[in-house]
Amino acid sequence: MAPPRSWSADAAAGARCGCCARDLPRSSVHELGATPGVFICRRCALWALARIGRR
Ligand SMILES: [Zn+2]
């Protein structure tokens with residue numbers, strides 16, 4: 001029951017958080033609208049939002 005190679009490669013690639021540089025599955029990161037190709041993980045997004053909210 002091995003997944004198709006293309007699917008497997010895509011899933012393995014995942015995305016790297018531009019904030020903490022951790023490799024994460026695409027489902028765990030969000031692409032930044034202002035900077036396409038740059039992703040941020042949920043943890044960093046929450047941190048950033050909290051930081052922005054403080055200003
Ligand atoms: Zn992060």
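**Start with the whole chain**

Among contacts in the chain between residues at least 6 apart in sequence, 13% join residues at least 24 apart; two residues are in contact if their C-beta atoms, placed from the backbone, lie within 7 Å. What you see is a predicted model, where local features need pLDDT of at least 70, side-chain atom pairs count only at pLDDT 80 or more, and totals for chains, interfaces and linings use all residues. To find your way, note that residues are numbered from 1 along each chain as its sequence is written.

Now show the cartoon. You'll find 2 helices and 4 strands, in the order α-β-β-β-β-α along the sequence. Helices (H or I, at least four residues) and strands (E, at least two) are DSSP runs, numbered from the N terminus.

**Colour by confidence**

The chain's mean is 81, and 76% of its residues reach 70 or more. Confidence is lowest in helix H1 (residues 5-13), with a mean of 54, and highest in E4, at 93. Where pLDDT is low, the predicted coordinates should not be read in detail.

**Select the core**

Next, pick Ala15, Cys17, Val29, Phe39, Ile40 and Cys41: these 6 residues form the largest nonpolar core. Strand E4 (residues 39-41) gives the largest share of this core, 3 residues. Such a core is a set of buried Ala, Val, Leu, Ile, Met, Phe, Trp, Tyr and Cys residues joined through C-beta atoms within 7 Å. A residue is buried if 20 or more other C-beta atoms lie within 10 Å of its own, exposed if 12 or fewer, and partly exposed in between, with C-beta atoms placed from the backbone. Buried residues make up 11% of the 55 residues in the chain.

Which residues is Val29 in contact with, leaving aside its neighbours within four places in sequence? Click around and you'll meet Ala15, Cys17, Leu24, Phe39, Ile40 and Cys41.

**On to H2**

H2 is hardly covered: among its 13 residues, the count of buried ones is 0. Arg43 is partly exposed, because 14 other C-beta atoms lie within 10 Å. Draw a distance from its C-alpha atom to that of Cys20, 23 residues apart along the chain, and you get 9.3 Å.

**Last stop: a loop**

Zoom to Ala21, in the loop between strand E1 (15-16) and strand E2 (23-24). Ala21 has a positive phi of about 65°, although it is not a glycine. Ala21 is exposed, since it has 9 other C-beta atoms within 10 Å.

Notes:
pLDDT = per-residue confidence, 0-100.
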